[in-house]
Amino acid sequence: MNTAIASSTARQPTDWNAGPMQRRIRARYRAEKRFRFYGLFAVLLSAGFLAFLLVTMVSSGARGFTQTQIALPVNFAGSDIFLEPSQLEGEDRDQLLAQADFQGLAQQSAIAAYGEEGLDLLSNGAWVLLRDAISADPTLLTRNETLWVPASTEVDFAARGDSGAGQSEERDAMIVRYAELDAADQVRRTLSWNFLTLADSSDPTLVGIWGALKGSLLTMTITLLLAFPIGVLTAVYLEEYAPENRWTDIIEVSINNLAAVPSIIFGLLGLAVFINVFYLPRSAAIVGGLTLALMTMPVIVIAGRNAIKSVPPSIRDAALGIGASPVQVLTHHVLPLSLPGILTGTIIGMSRALGETAPLLLIGMRAFVATPPSGFTDPATVLPVQIFLWSDELDPGFVEKTSAAIIVLLLFLLAMNGIAIWLRNKYEQRW
Amino acid sequence: MSIFSLTIMVIGFAIIAWFTARMRAARLRPVTGERAHSLPGYHGWYVALWLAIPALLFLTIWSIVMPGVVEQSVLLDPAAQALPASDIERSAIMGEARALADGSLTAAFNEEAEALVPAYQEASRFYGVIGIVATLLLAFSCGAYAFLRVRPDFRARNRVERVVMWVLLIASLIAILTTIGIVASLLFETIRFFERISILEFIFGTHWNPQSTTFSDDPGSFGAIPLFWGTILIGAIIAMIVAIPLGLMSAVYLTQYAPAKVRSIMKPVLEILAGVPTVVYGYFAALTVAPAIRDFAVNVIGVSNASSESALAAGVVMGVMIIPFVSSMADDSLAAVPGAMRDGSLAMGATNSETIKRVLIPAALPGIVGGVLLAVSRAIGETMIVVMAAGLAANLTANPFESVTTVTVQIVQLLTGDQEFDSSKTLAAFALGLVLFIVTLLLNIIALGVVKRFREAYE
């Protein structure tokens with residue numbers, strides 16, 4: 001001890017202005033700056049990834065909302081379709097429309113208007129629009145009418161202009177042809193509602209996300225109806241009434257575990273239990289909703305417990321003190337005060353469920369669903385699964401549709417999270 | 001009358017009962033002059049619950065039992081005597097007759113089914129009426145019983161609150177049921193799988209190719225080592241190489257250096273990374289990142305066999321997804337280090353970065369390690385990124401430019417084809433699921449244990 005003190009007093013005071021010391025200090029400050037820069041770089045790089053992701057999706061998806069259309073003069077009166085407007089007022093109109101050869105009519109009209117190659121200009125499903133037009137206005141049958149129908153994928157690609165040039169001779173020829181058509185005002189590129197109103201199709205010019213969106217809405221309805229009440233009741237029980245015993249411990253442990261289980265495991269559970277034991281219909285919104293509800297419930301429980309915990313005990317004591325029963329304390333005070341927190345957690349859990357794909361693949365919600373589901377037991381698909389299915393398609397026309405569907409999904413998530421943040425900021429109370 | 005409309009009807013009656021009982025209870029009070037024990041609303045709830053719960057319980061049981069009862073009575077019908085004795089044929093015809101009777105089928109394939117339709121319709125009408133009458137009788141008798149007990153001194157509140165307690169308890173048991181359901185379904189199918197394929201072959205085998213074994217169960221095709229390795233390579237190595245430095249440095253910058261304004265903007269921005277659906281990441285990885293990495297590998301590094309489904313593409317994108325997890329765990333851990341340690345270091349003349357590197361991070365290390373373990377468990381359970389961007393070939397390679405496959409990819413692959421439920425392939429998916437479940441669970445338990453002990457050290 002003494003020697004240590006002796007040696008430190010014997011040492012010369014540090015000369016801070018000496019050259020080596022100054023160099024050392026400068027080096028340390030440089031290291032400080034470098035370290036700070038690394039931190040900034042990490043933040044900017046992470047944010048850059050996000051920006052790059054979003055910009056990629058938006059730039060390639062924006063085109064998905066538009067459609068290249070081609071003018072198709074149709075001579076309904078002189079066609080092979082021997083239907084009278086009056087026939088379509090009867091009850092068997094659907095059957096009559098289904099029997100008529102609209103496909104042939106579309107092909108004939110295309111050949112009449114654009115020659116033999118007209119068949120390549122038209123989308124394969126263009127005849128559906130002829131049928132829908134007649135269904136909407138039967139008097140068309142007596143007239144000649146020029147309709148705008150979706151053009152084929154090749155025309156759509158040519159409409160991009162030079163960016164696709166030089167890849168193949170056919171494409172270059174099509175670009176030249178498109179320029180001619182454009183000059184004659186026979187093609188146009190418009191914003192189209194079709195993408196928001198149609199369902200899945202094998203033809204990228206005719207796909208839409210309404211089917212998947214409706215499936216998502218049905219699935220989310222089931223999820224919300226199950227996960228919210230069960231989650232809130234569980235949170236209330238654990239936070240307010242649960243006695244401290246082994247049962248309560250088991251409940252807590254299983255909820256914390258469920259929150260950490262990979263989502264695909266819930267898919268295996270749904271497959272083994274809901275489909276193979278309870279024989280619920282495969283691919284249906286009800287099975288998807290049940291599976292996602294089990295996945296969302298722990299999220300709501302954890303958020304609900306935190307919200308209930310943040311209500312100060314003095315409020316409970318005051319209510320109990322003036323004679324309220326435990327349930328009255330809960331329904332009159334604790335629940336209303338913690339509701340904003342519970343709702344915020346619920347919305348966040350629901351937005352996670354809305355973006356979830358893997359468990360739904362396992363329970364068969366990857367089926368090709370060309371008509372929007374009309375009930376909870378119909379075969380359905382959901383938005384993220386639809387994105388997955390389209391991303392697997394070989395037809396390059398699906399690329400922009402996939403990105404467009406991603407934009408729609410991200411907008412929904414953004415809206416939900418925005419509501420959650422707004423709720424939190426508006427109603428959050430500091431006690 | 002369908003079960004749905006009957007349910008609605010019972011609930012409607014319960015609502016009416018709630019109002020009448022409440023009114024009656026409110027009117028009783030002044031007559032007797034004494035203080036009522038419970039508020040009128042509780043009497044309303046008491047009667048409504050008595051009316052609805054037994055009736056709905058009966059309805060649930062009846063809707064499960066009724067199809068069997070109807071079938072039995074149809075089989076006793078003279079028209080059913082001609083049915084074939086074989087169970088399979090008979091049940092096919094019965095199923096068809098049932099579909100004809102409720103109108104979901106318009107034409108029969110088996111002619112015997114047509115003959116059974118009248119009997120079917122009559123039986124289901126008969127038992128349907130019995131069900132309706134019994135439900136309504138039960139509802140009214142129980143409701144009446146409860147209604148007669150509406151008296152000022154009746155402790156309706158205590159009864160209703162006891163029901164509330166039971167409802168709360170039952171709701172919280174669903175979490176246990178789900179856990180049991182997961183463990184039971186995984187274990188059950190896995191045991192069946194190990195009856196066919198040896199467990200040692202599964203865990204230590206190095207050849208994975210179940211798609212080749214269509215008919216016979218070749219045990220040599222179910223060696224899961226390549227899958228485990230692929231999962232570790234993508235989720236625990238490549239993703240973490242991306243996520244740990246970026247997440248940790250982001251947390252350090254945002255907590256120690258950034259002005260409050262920057263922090264309040266950048267923290268939510270980084271959290272958006274965790275909120276983007278994984279299918280979007282997967283699409284991004286497959287469409288943009290994977291081709292770029294392949295071109296980079298072929299043209300710049302000169303790896304000729306670089307795959308367009310490289311482990312690197314999936315791993316990097318997964319790492320980006322994980323950044324916010326690492327960052328927020330590191331953030332919490334750094335914040336939990338007592339301010340005195342930091343102040344002491346600064347007072348001794350250390351620069352900020354020296355304090356962070358030599359004091360804060362070592363002190364927060366257990367928490368950071370726990371966060372990283374949680375992130376790893378998240379990464380190896382992640383499915384969509386690897387399904388879309390990683391390959392299907394089960395290669396045992398350390399080259400990040402080659403294609404590897406993971407446990408989750410194979411689960412999806414094995415269960416999305418059209419095969420019967422009992423094949424070794426589908427059972428193998430459950431075995432992989434069990435392995436995944438156990439590993440993620442262990443990682444979580446260890447991580448939470450580490451974090452908890454670390455927190456206690458500073459409290």
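**Notes on a two-chain predicted model**

1. Let's start with chain A, which has 18 helices and 3 strands. Its radius of gyration is 32 Å, while the globule rule for 431 residues gives 22 Å, so chain A is more spread out than a compact globule. Keep in mind throughout that this is a predicted model. Along its principal axes, the C-alpha trace of chain A spans about 115 × 75 × 40 Å. Of its 431 residues, 42% count as buried. If you take the contacts in chain A with a separation of 6 or more, 75% of them are between residues 24 or more positions apart.

2. Now chain B. Here the tally is 15 helices and 0 strands. The radius of gyration of chain B is 32 Å, well over the 23 Å from the globule rule for 459 residues, so chain B too is more spread out than a compact globule. The C-alpha trace spans about 85 × 75 × 40 Å along the principal axes of chain B. Among the contacts in chain B with a separation of 6 or more, 72% come from residues 24 or more positions apart.

3. How do the two chains meet? The contact takes 62 residues from chain A and 64 residues from chain B. On the side of chain B that touches chain A, helix 5 (residues 156-196) of chain B gives the most, with 19 residues. Sorted by class, that side of chain B has 41 nonpolar residues, 20 polar ones and 3 charged ones.

4. The strands of chain A deserve a look. They form an open sheet of 3 strands in the order 2-1-3, with antiparallel pairing. Strand 2 (144-150) and strand 3 (187-191) of chain A are the edge strands, each pairing on one side only. From one strand to the next, the twist averages 35°. Strand 1 (residues 66-75) and strand 3 of chain A run antiparallel and are joined by 5 bridges. To find one of the pairs on screen, pick A:Q67: its bridge partner in strand 3 of chain A is A:T190. Also worth a click is helix 6 (residues 126-136) of chain A, which lies across strand 1 and strand 2 of chain A and runs at about 135° to strand 2 of chain A.

5. Next, a helix pair in chain A. Two packed helices are described by the angle between their axes and the distance between the axes. For helix 15 (residues 326-354) and helix 18 (residues 397-427) of chain A, the axes come within 9 Å and cross at roughly 170°. Helix 15 and helix 18 of chain A are therefore roughly antiparallel to each other. The residues that meet include A:L343, A:I347 and A:M350 from helix 15 of chain A, and A:F412, A:M416 and A:L423 from helix 18 of chain A. By class, this contact has 13 nonpolar, 3 polar and 1 charged residues.

6. Which helix of chain B is largely enclosed by the rest of the structure? That would be helix 14 (residues 407-415) of chain B, because 8 of its 9 residues are buried. Among the buried ones are B:V407, B:T408, B:Q410 and B:L415. The cover comes from both chains: it includes helix 12 and helix 16 (358-362) of chain A, along with helix 7 (225-257), helix 12 (352-381), helix 13 (384-389) and helix 15 (424-458) of chain B.

7. Two serines in chain A are worth checking, A:S283 and A:S314. A:S283 has a positive phi of about 65° although it is not a glycine. You'll find A:S283 in the loop between helix 12 (263-275) and helix 13 (285-309) of chain A. Is A:S283 buried or exposed? A:S283 is buried, because it has 21 other C-beta atoms within 10 Å, and the cut-off for burial is 20 or more.

8. A:S314, for its part, sits in helix 14 (residues 313-321) of chain A. It has 10 C-beta neighbours inside 10 Å, so A:S314 counts as exposed. The limit for that is 12 or fewer. Finally, compare A:S314 with A:G364: they are 50 residues apart along the chain, and their C-alpha atoms are separated by 51 Å.

Methods:
Residues numbered from 1 in each chain as written. Chains lettered and ligands numbered in written order. Predicted model: local features only at pLDDT ≥ 70, side-chain atom pairs only at ≥ 80, totals over all residues. Contact = placed C-beta atoms within 7 Å. Helix = DSSP H or I, 4+ residues; strand = E, 2+ residues; numbered from the N terminus. Nonpolar A, V, L, I, M, F, W, Y, C, P; charged D, E, K, R; others polar. Axes fitted to C-alpha atoms, helices over the stretch in contact; angles between N-to-C directions. Parallel < 35°, antiparallel > 145°, perpendicular 65-115°, else oblique. Rg over C-alpha atoms; globule rule 2.2 N^0.38 Å. Pairing = 2+ DSSP bridges.
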